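Let's work through some helix packing together, one exercise at a time. Keep the viewer open and try each task before reading its solution.

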Amino acid sequence: MPAVLLGFIVLFLLTDRPRDAAWLTAEEREALEQQLETEKAQRAGRRRMTLVDALRHPKVLLLAAAYFCSTSANYGLEFFLPSILQRWYALELDAITWLVILPPCLALASQLFVGWNADRTGERRLHAVVPVFLAVIGLGLAPMTRGHLPLTIACFMLAFAGIKAYQPAFWSLPSLFLADIAAAGSIGLINSIGNLGGFLGPAMLGGVEKSTGSFVGGIYYLVLSLLACGTIIAWVGLGRRDPRTKPP
């Protein structure tokens, strides 16, 4: 319901152009309009791509596959982290509640930092790939730390941080080679396909645990999903920093 209500608020209150945004200063409005005109001029020489072209573009489909893999790991970890901690350490509910707060706190800070630094440097590819591979390391090491609660929590914190931190840079990638309705449609497709992973990840983790009596196999499935995500983003090759761009 909050998402639905916010949609109506955005529809009626969010302006279509920076020049109409009363909450910006005149200098900010002018700077944004100039930036939009610059980007429009840069795209003028490129071949315009229709929505249908964008939806079947190989890079769009690869980015959808990457997001599917990361979402699979994300939801699997979010849904089962309390159960994993309870199984491994026989913790009381109050203790688990406090511990599962820690990974999202680091994830929030890391996501804000990566988004800010990606904008500052103009580089997107490594800002998406590196956090994913850090999540691979954290989640991959987690089963080896069983019996050492602080190390286990640290590994899950690293995994959460990586899974969340890559997203600001990742979602900027479609707009690097698409524009207008093609960019909007491709982002919708990537999000729609990717969120199907939200079913697969928890289902696999729960199914493996039910079959084997252990979460370890399911955790390594999530690790492989993240590894596939990072590899795809790196292979697509979008988002390298323009050598003419200098951090302020």
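The model is predicted, so local features need pLDDT of at least 70 and side-chain atom pairs count only at pLDDT 80 or more, while totals for chains, interfaces and linings use all residues. Residues are numbered from 1 along each chain as its sequence is written, and side-chain values use heavy atoms, with hydrogens and water left out.

**Exercise 1.** Describe how helix α4 packs against helix α10.

Solution. Two packed helices are described by the angle between their axes and the distance between the axes.
- Start by finding the helices: α4 covers residues 58–89 and α10 covers residues 180–195. Helices are DSSP runs (H or I, at least four residues) numbered from the N terminus.
- Next, take the axes, which come within 7 Å and cross at roughly 40°. Axes are lines fitted to C-alpha atoms over the stretch in contact, and angles run from 0 to 180 degrees between N-to-C directions.
- That angle makes α4 oblique to α10; angles under 35 degrees count as roughly parallel, over 145 as roughly antiparallel, 65 to 115 as roughly perpendicular and the rest as oblique.
- The crossing is right-handed, a term used if the near helix is turned clockwise from the far one by less than a right angle, with anticlockwise giving left-handed.
- Now look at the contact (heavy atoms within 4.5 Å). On the α4 side are residues including Val60, Tyr67 and Tyr75, and on the α10 side residues including Ser186, Leu189 and Ile193.
- Sorted by class, this contact has 10 nonpolar, five polar and no charged residues. Ala, Val, Leu, Ile, Met, Phe, Trp, Tyr, Cys and Pro count as nonpolar, Asp, Glu, Lys and Arg as charged, and the others, Gly among them, as polar.

**Exercise 2.** Is Ser186 buried or exposed, and which residues does Ser186 touch?

Solution. 
- Ser186 sits in helix α10.
- With 0% relative accessibility, Ser186 counts as buried (buried is under 20% relative accessible area, exposed over 50%, partly exposed in between, with a 1.4 Å probe and protein chains only).
- Leaving out residues up to four places away in sequence, Ser186 touches Leu55, Val60, Pro174 and Leu178.

**Exercise 3.** Repeat the packing analysis for α4 and helix α12.

Solution. 
- The axes of α4 and α12 (residues 216–236) come within 8 Å and cross at roughly 155°.
- This makes α4 roughly antiparallel to α12.
- Here α4 passes α12 in a left-handed crossing.
- Among the residues making the contact are Leu62, Ala66, Ala73 and Trp88 of α4, with Ile219, Leu222, Ile232 and Trp235 of α12.
- By class, the contact of α4 with α12 divides into 18 nonpolar, four polar and one charged.

**Exercise 4.** What kind of aromatic pair do Tyr75 and Phe79 form?

Solution. A pair of aromatic rings is described by the distance of the centres and the angle of the planes.
- Rings of Phe, Tyr and Trp (its six-membered ring) pair if their centres lie within 6.5 Å; planes under 30 degrees apart count as stacked, over 60 as edge-to-face and the rest as tilted. By this rule there are eight aromatic pairs.
- Tyr75 and Phe79 are edge-to-face, at 5.7 Å centre to centre and 85° between the planes.
- Both residues lie in α4, four residues apart, about one turn of the helix.
- Tyr75 has 29% relative accessibility and therefore counts as partly exposed.
- Elsewhere, ring pairs link Tyr67, Tyr166, Phe170 and Trp171 into a cluster.

Key: Helix = DSSP H or I, 4+ residues; strand = E, 2+ residues; numbered from the N terminus.
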